[in-house]
Amino acid sequence: MKNKNIYLLLVTLCVLVLSCAGKRNTVEKLTDYVNPNIGSVHSRWFFYTPAAVPFGMAKLGPSTNGSYGNANGWEAVGYEDNHGSIEGFACFHEFQIGGVMLMPIVGELQTAPGTLENSSEGYRSSFQKENEYATSGFYRVLLDKYNTTVELTATERVGYQRYTFPQSEESYILFDIGNKLGESGKVDDAYIKVVDETTIEGYVVTKPEYVKKYQPEATVNMYFYAKLSRPFRSVKTFLRADSVRAASEIKGVGACLAVQYETAADEQITVKIGQSYTSIENAKRNYETEGSDHNFDTIKEKAAVRWNDMLGRIQVTGGRQEDKVKFYTGLYHALLGRGLANDVNGAYPKNDGTVGYLALDKDKRPTFSYYNTDAIWGGYWNLTQLWALAYPEYYSDWVQSQLLVYQETGWLGDGIANSKYVSGVGTNFTSLAIAAAYNCGIRDFDYHLGYEAALKNEIDGQNRPAGAGKLDVGAFVQRGYCPYIPSDDYFITKQDEGSVFGASHTMEYSFSSYAVAQFAKNLNKETDYQRLSKMASNWENLFDPETELIRPRTLDGNFLSPFDPMAAWAGFQEGNAIQYTFYVPHEPEKLIDKVGQDVFNNRLDSIFVHSQKNTFGGGKTVDAFAGVHALYNHGNQPNLHVSWLFNFSGKPYLTQKWVRTICNEFYGLDGLHGYGYGQDEDQGQLGAWYVMAGMGLFDVKGLTQIDPEFQIGSPIFDRIEVRLNKKYYQGDKFVIEAENNSSENIYVQSLNKNGKAQQSITIPFADVVNGGTLKLQMGSEPNMDLQQ
């Protein structure tokens with residue numbers, strides 16, 4: 001009897017094990033939907049870094065033309081899907097930051113990368129697309145010239161490169177350190193040396209174009225500590241394109257070092273690269289903490305787990321396969337940009353070039369993470385909404401990072417690269433984003449300091465450094481608008497009286513004034529609230545009743561004449577008067593009243609009808625600025641809220657129609673047609689917009705009002721589940737169910753929130769993060785009775 005019981009127990013255990021294994025095998029890997037190559041044609045330096053973890057410092061990827069650099073600091077360079085050769089595999093990819101490129105070489109050692117036009121030159125190698133694979137956290141490619149397979153993965157601060165060599169007496173690993181790469185700008189200095197037969201370390205000091213422009217005395221420094229999996233036979237050093245010599249170290253611009261191996265067929269050599277922005281010592285510490293005890297395959301799997309966990313905060317079901325690929329690739333880009341900049345011990349690079357230290361907890365870990373960041377220009381219509389909803393801990397760290405710069409310099413930065421000012425567009429929406437975080441309930445930062453910084457950003461133009469942006473904010477405060485002053489220099493630093501972008505700045509500063517006014521009211525600062533609220537309506541000073549458009553005013557107070565509403569750059573940054581007339585996200589009802597509801601709806605609907613013929617922007621022209629002359633330009637930040645304005649003009653069904661159409665037609669699935677055609681994705685912004693639109697949630701006001709709320713659109717998927725962060729919010733999850741949903745049934749028929757029917761197409765942010773279920777009944781015809 002006892003034996004029979006034991007037998008039954010074993011059978012039961014086997015069934016349970018097999019059942020659990022079956023469940024594990026059927027768990028959806030969201031990384032399978034991520035395709036980093038989508039939209040990589042004409043993409044920015046930081047766009048293509050598949051071998052990284054979310055928000056990591058170590059961001060590895062292949063470079064096809066990164067060594068070309070770029071003249072102005074923003075042009076597309078790095079990796080492109082239609083290029084056929086690779087020059088190396090870079091470790092640092094960030095806005096205005098690029099460096100430390102490695103390349104395996106078989107045969108004679110080459111000393112220059114060569115050109116795209118002739119891939120047989122130099123150390124670059126051709127490759128075949130069928131021999132390349134990329135997803136979030138991993139990259140693999142076979143280099144034709146060397147018959148060598150390269151694999152990349154990473155932890156937060158350690159990059160992994162594994163090479164599978166052929167049989168050869170001359171197999172090299174090249175460290176190209178002292179040369180411009182991506183958005184790095186020119187190299188000021190570099191150093192690399194062999195420590196022992198498996199260890200190499202060094203640094204590179206660069207002068208990015210935007211640092212040179214806004215903080216000319218500053219530099220961006222990168223440090224590394226590399227461990228090789230087996231000892232090398234010999235070492236050679238050289239300056240790029242110069243003669244080779246046998247030496248164990250080299251210093252100066254152009255510095256390169258190569259280690260030589262004799263390899264057997266299919267022999268693998270792994271390089272682990274600890275990275276840091278503060279010192280070689282901290283790069284070593286980062287390596288020892290994150291990389292010393294783990295092999296490549298273990299880290300690859302850990303990266304996949306990390307990505308699936310972060311992507312899995314938003315689970316979607318239903319919809320087409322291609323919709324899921326767009327959704328999770330967009331989410332991947334949103335979680336990739338704006339990477340970690342502090343070391344494991346809390347060290348981080350300060351604005352003045354010294355090293356600061358973050359506070360540590362009882363386990364000697366930093367109490368928050370410090371991040372590099374591109375400008376937040378337009379990020380309130382995609383990134384900050386996504387962060388607030390599903391990644392509030394990152395949003396909090398981002399705010400605290402910005403406040404560190406404020407504490408050090410007395411001003412909020414716009415974009416920051418190693419704390420250095422890199423104001424990409426010369427404006428500054430950091431105060432708006434801080435206000436939105438507070439109003440969303442993210443308050444585990446010094447919000448009194450945050451308010452001080454935000455208020456100063458809106459009202460103070462005196463002695464303002466160029467890197468803080470908004471140099472004409474004093475004119476906005478005093479005059480009630482920023483005068484348009486024509487100039488051939490779009491980045492003029494003297495803007496006390498106005499600027500070349502005076503009209504668009506007036507619209508932008510009005511919006512951010514509104515946001516900080518809400519912050520003030522939430523903190524019971526009534527005087528500030530009244531002042532800022534008045535400034536929030538300054539946009540009305542540029543509304544021309546004759547044309548019913550926003551029209552620049554000149555220094556004499558007169559409207560610009562002659563006036564071409566379609567002229568880009570004439571008072572409007574990266575846009576025109578037609579586009580910027582809709583830039584009143586905080587007071588859309590006022591704008592609608594000025595032109596009349598019917599005129600507003602007819603005008604806006606006709607704009608989308610016309611723009612659909614041009615792929616909602618620049619058509620098939622491969623240029624980041626291709627749509628700036630268009631009626632609507634989804635490929636650029638100033639337009640991203642416009643399709644949602646019908647929710648405020650009595651026709652929410654038109655928002656449902658056009659947002660769905662943009663998702664289907666502007667966004668594509670290949671290298672060229674990913675985010676429009678060759679448009680600038682700007683560290684996850686267009687991807688995050690698709691994610692919010694795909695969920696059917698969006699706030700024109702960027703979650704800036706005291707009690708933020710989402711407008712409800714047309715979810716692409718049948719079911720969306722958002723896993724909420726219990727540290728910040730009461731709910732466990734928020735679920736959206738779209739019944740009878742299809743590519744034809746795009747219109748919301750009815751809404752039911754937690755069992756209660758409603759006619760409004762808005763839902764308070766608090767209701768979402770408190771958890772619950774929003775049920776939408778979908779249909780093929782509009783429901784005209786639903787209202788804002």
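Which residues in helix 7 meet which residues in helix 8? The views below are drawn from a predicted model, in which local features need pLDDT of at least 70, side-chain atom pairs count only at pLDDT 80 or more, and totals for chains, interfaces and linings use all residues. Residues are numbered from 1 along each chain as its sequence is written, and side-chain values use heavy atoms, without hydrogens and water.

**View 1. Contact of helix 7 with helix 8.** Tyr395, Trp398, Val399, Gln402 and Leu403 in helix 7 meet Thr430, Ala433, Ile434, Ala436 and Ala437 in helix 8 (contact: heavy atoms within 4.5 Å; helices: DSSP runs of H or I, at least four residues, numbered from the N terminus). The residues of this contact divide into 8 nonpolar, 2 polar and no charged (nonpolar: Ala, Val, Leu, Ile, Met, Phe, Trp, Tyr, Cys and Pro; charged: Asp, Glu, Lys and Arg; polar: the others, Gly among them).

**View 2. Aromatic pair of Phe327 and Tyr328.** Rings of Phe, Tyr and Trp (its six-membered ring) pair if their centres lie within 6.5 Å, and planes under 30 degrees apart count as stacked, over 60 as edge-to-face and the rest as tilted. By this rule the count comes to 57 aromatic pairs. Phe327 and Tyr328 are edge-to-face, at 5.0 Å centre to centre and 80° between the planes. Both Phe327 and Tyr328 are buried (under 20% relative accessible area; exposed is over 50%, partly exposed in between; 1.4 Å probe, protein chains only).

**View 3. Aromatic pair of Phe582 and Phe600.** The ring centres of Phe582 and Phe600 lie 5.8 Å apart with the planes at 70°, so this pair is edge-to-face. Phe582 is buried, with a relative accessible area of 5%, and Phe600 counts as buried at 4%.

Key. Helix = DSSP H or I, 4+ residues; strand = E, 2+ residues; numbered from the N terminus.
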